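User: I would like to go through this structure by question and answer, with the cut-offs stated as each term comes up. Please take the topics one at a time.

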Amino acid sequence: MAMAVSQPIQEKESEDCSLLPLVHDIIKCMDKDSQDVHQELTKLKAKIQEAREQISAMPGVDSSPLEQQQQLATLQEQVRTKNQLLQKYKSLCMFDVPKAS
């Protein structure tokens, strides 16, 4: 259920970071010898700055690749341990687990 909620947000964020429409507008202005080129370039610069700010605010950006690998290994080990415990508890037959229909 959470995946369905987070998916549209993720798509919206990726749309917000798209630079291609701005580049397209700049090229159109250049083709027309329009004076709006500077305005469109300013929009592009602002969008790039916004993307930089979003990237620097992402969790884990300040971690080195080695630290990220170590954290990943730790989390994978935790998942393995929890899955083993879950299987152990299921095999004890202490719970009346209804069959999914």
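User: In which helix is lysine 45 found, and is lysine 45 buried or exposed?
Analyst: This is a predicted model, in which local features need pLDDT of at least 70 and side-chain atom pairs count only at pLDDT 80 or more, while totals for chains, interfaces and linings use all residues. Residues are numbered from 1 along each chain as its sequence is written, and side-chain values use heavy atoms, with hydrogens and water left out. Lysine 45 is found in helix α3, where helices are DSSP runs of H or I with at least four residues, strands are runs of E with at least two, and both are numbered from the N terminus. Buried means under 20% relative accessible area, exposed over 50% and partly exposed in between, with a 1.4 Å probe and protein chains only, so that lysine 45, at 62% relative accessibility, counts as exposed.

User: What distance separates the C-alpha atoms of lysine 45 and leucine 19?
Analyst: Lysine 45 and leucine 19 are 26 residues apart along the chain. Between their C-alpha atoms, the separation is 9.9 Å.

User: How many helices and strands does the chain have, and in what order do the elements run?
Analyst: The chain has 4 helices and 0 strands. Read from the N terminus on, the order of the elements is α-α-α-α.

User: How does the reach of helix α2 compare with the span expected for it?
Analyst: Helix α2 covers residues 20-31, which is 12 residues, and the expected span of a helix is 1.5 Å times one less than its number of residues. From its first C-alpha to its last, α2 reaches 16 Å, close to the expected 16 Å.

User: Which residues of α2 are buried, and why can they be said to line one face of the helix?
Analyst: In α2, the buried residues are Leu22, Ile26 and Cys29. Seen down the axis of α2, these buried residues fall within an arc of 65°, so they line one face of the helix; the arc is that of the directions from the helix axis to the C-beta atoms. The face turned away from the buried side carries the exposed residues Leu20 and Asp31. What covers the buried residues of α2 includes α3 (37-56).

User: Which residue with a positive phi follows α2?
Analyst: The phi of this residue is near 55°. The residue that follows α2 is aspartate 33.

User: Which residues does glutamate 40 contact, leaving aside its neighbours within four places in sequence?
Analyst: The place of glutamate 40 is in helix α3, and at 9% relative accessibility it counts as buried. Contact means heavy atoms within 4.5 Å. With neighbours within four places in sequence left aside, glutamate 40 is in contact with Leu22, Asp25, Ile26 and Cys29.

User: With which residue does glutamate 40 form a salt bridge?
Analyst: A salt bridge is a side-chain nitrogen of Lys or Arg within 4 Å of a carboxyl oxygen of Asp or Glu, and a search of the whole structure finds 3 of them. In the one formed by glutamate 40, the closest N and O atoms are 3.5 Å apart, and the two residues are 3 residues apart in helix α3, about one helical turn.

User: What are the N to O distances in the salt bridges of aspartate 25 and arginine 80?
Analyst: Aspartate 25 and lysine 28 both lie in helix α2, 3 residues apart, about one turn of the helix, whereas arginine 80 and glutamate 77 lie in helix α4 (residues 65-91), also 3 residues apart. Aspartate 25 counts as partly exposed at 26% relative accessibility, and arginine 80 is partly exposed with a relative accessible area of 44%. The closest N and O atoms of aspartate 25 and lysine 28 are 3.9 Å apart, and for arginine 80 and glutamate 77 the N to O distance is 3.0 Å.
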